[in-house]
Amino acid sequence: MRRRAGCRPALAVALLLAAAAAAAAPPLPRHHPVPGGVALVPLGEAPLRPAARYAGREVLVIRGPRGWTAVVGIPLTARPGPARLEVRDARGTRTVRFEVRAHDYPVQRITLKDPRMVTPPASVLGRIRAETARLRRGLAHRSPGTPERLRFPPPADGPLSSRFGLRRVLNGRPRSPHRGLDIAAPRGAPVRVPIGGTVLDVGDFYFTGRTVLLDHSGGLVTLYCHLDRVEVRKGERLAAGAPIGTVGASGRATGPHLHWAVALNGALVDPALFLEERHTASGLRPAARSRN
Ligand SMILES: [Zn+2]
């Protein structure tokens, strides 16, 4: 319904103010302050954006519905209990406390027939070490600015086959936990950029196969693994929805799927916390089987 010009200036102003407030406060990730989760910590009102650090790292600070909010990535290795942010603004430096809650991630037992998948041969250990360092550097990357959004669609269509945080036991031996989310899409299915970003790195790695890292500014980095085809180049600027490549089974994978990871201030956190509501409800269905 459209009103004629001049009829309700007060209503028009109220609508404009509401629209401006909504534009200034985009949806935040889900508050889930556990190891591997995200804490939304209110920092209060201030004319200028405060700076905040957690565990020695600069964290993302954005304008929330009630003043500034620190959006803190909590590493899986964090201890539950009291945690603190060092906040710096025009008034000086102060400490803001928040609580990291304990969380039990389920155990997942996997049996692999190829022993080299469980314990890599000594000849590739040097390669693995170099690749791990390169990935870690990429995931800790922080460029200035803020991400264009903090809620987004999944990068591929398909059921969710392995959730974040699963404590993995491979052929009876404990291995590092699952630090991403798996989407069981068939080989060749398109993988798309969930929010605009710049290609930070492209590689073909022993564990993660053909891999792409995207930088979304403000310490938000996303990772796409086991790709069949890669269609982007390092340094390329990509808009939301642009193709990255296709789903595959390259690297250490028992079948085609997309391993998708999200890092915030250098911590790998649960990508599901960033999914738009409509995708958390029905778009991603948990599947019975799981793959790396
Ligand atoms: Zn995975």
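1. Helix α3 covers residues 125-139, and its length can be checked against its geometry: at 1.5 Å a residue, its 15 residues should span 21 Å, and because the end C-alpha atoms are 21 Å apart, the two values agree. The expected span is 1.5 Å times one less than the number of residues in the helix, and helices (H or I, at least four residues) and strands (E, at least two) are DSSP runs, numbered from the N terminus. This is a predicted model, in which local features need pLDDT of at least 70 and side-chain atom pairs count only at pLDDT 80 or more, whereas totals for chains, interfaces and linings use all residues. Residues are numbered from 1 along each chain as its sequence is written, and side-chain values use heavy atoms, with hydrogens and water left out.

2. Which residues of α3 are buried? They are Ile128, Glu131, Leu135, Gly138 and Leu139, where buried means under 20% relative accessible area, exposed over 50% and partly exposed in between (1.4 Å probe, protein chains only). These residues cover an arc of only 95 degrees around the axis, so they lie on the same side of α3; the arc is that of the directions from the helix axis to the C-beta atoms. On the other side of α3, Arg129, Arg136 and Arg137 are exposed. The buried residues of the helix pack against β14 (197-205), β15 (209-215), β16 (220-230), β19 (258-264) and β20 (267-269), with contact meaning heavy atoms within 4.5 Å.

3. The largest nonpolar core has 38 residues, and those with the most contacts inside it are Val71, Ile244, Leu258 and Phe274. Such a core is a set of buried Ala, Val, Leu, Ile, Met, Phe, Trp, Tyr and Cys residues joined through side-chain atoms within 4.5 Å. Several strands each supply at least two residues of this core, among them β1 (38-44), β4 (60-64), β12 (181-183) and β18 (243-247), while the largest share, 4 residues, comes from β19.

4. Pro271 lies in the loop between β20 and α4 (277-283) and is buried, with a relative accessible area of 0%. Leaving aside residues up to four places away in sequence, Pro271 touches Phe164, Gly180, Leu181, Trp260, Ala261 and Val262. Pro271 and Trp260 are 11 residues apart along the chain, and their C-alpha atoms are separated by 7.5 Å.

5. The count comes to 5 aromatic pairs, taking rings of Phe, Tyr and Trp (its six-membered ring) as paired if their centres lie within 6.5 Å, with planes under 30 degrees apart counted as stacked, over 60 as edge-to-face and the rest as tilted. Tyr54 and Phe98 form a tilted pair, at 5.7 Å centre to centre and with 55 degrees between the planes. Tyr54 belongs to strand β2 (residues 51-54) and Phe98 to strand β7 (residues 92-100), so the pair ties together parts that are 44 residues apart in sequence. Both Tyr54 and Phe98 are buried.

6. Tyr206 and Phe207 form an edge-to-face pair, at 5.1 Å centre to centre and with 85 degrees between the planes. Tyr206 counts as buried because its relative accessibility is 18%, whereas Phe207, at 28%, counts as partly exposed. Elsewhere, ring pairs link Phe152, Trp260 and Phe274 into a cluster.

7. For the protein chain as a whole, the secondary structure comes to 4 helices and 20 strands, and buried residues make up 49% of its 292 residues.
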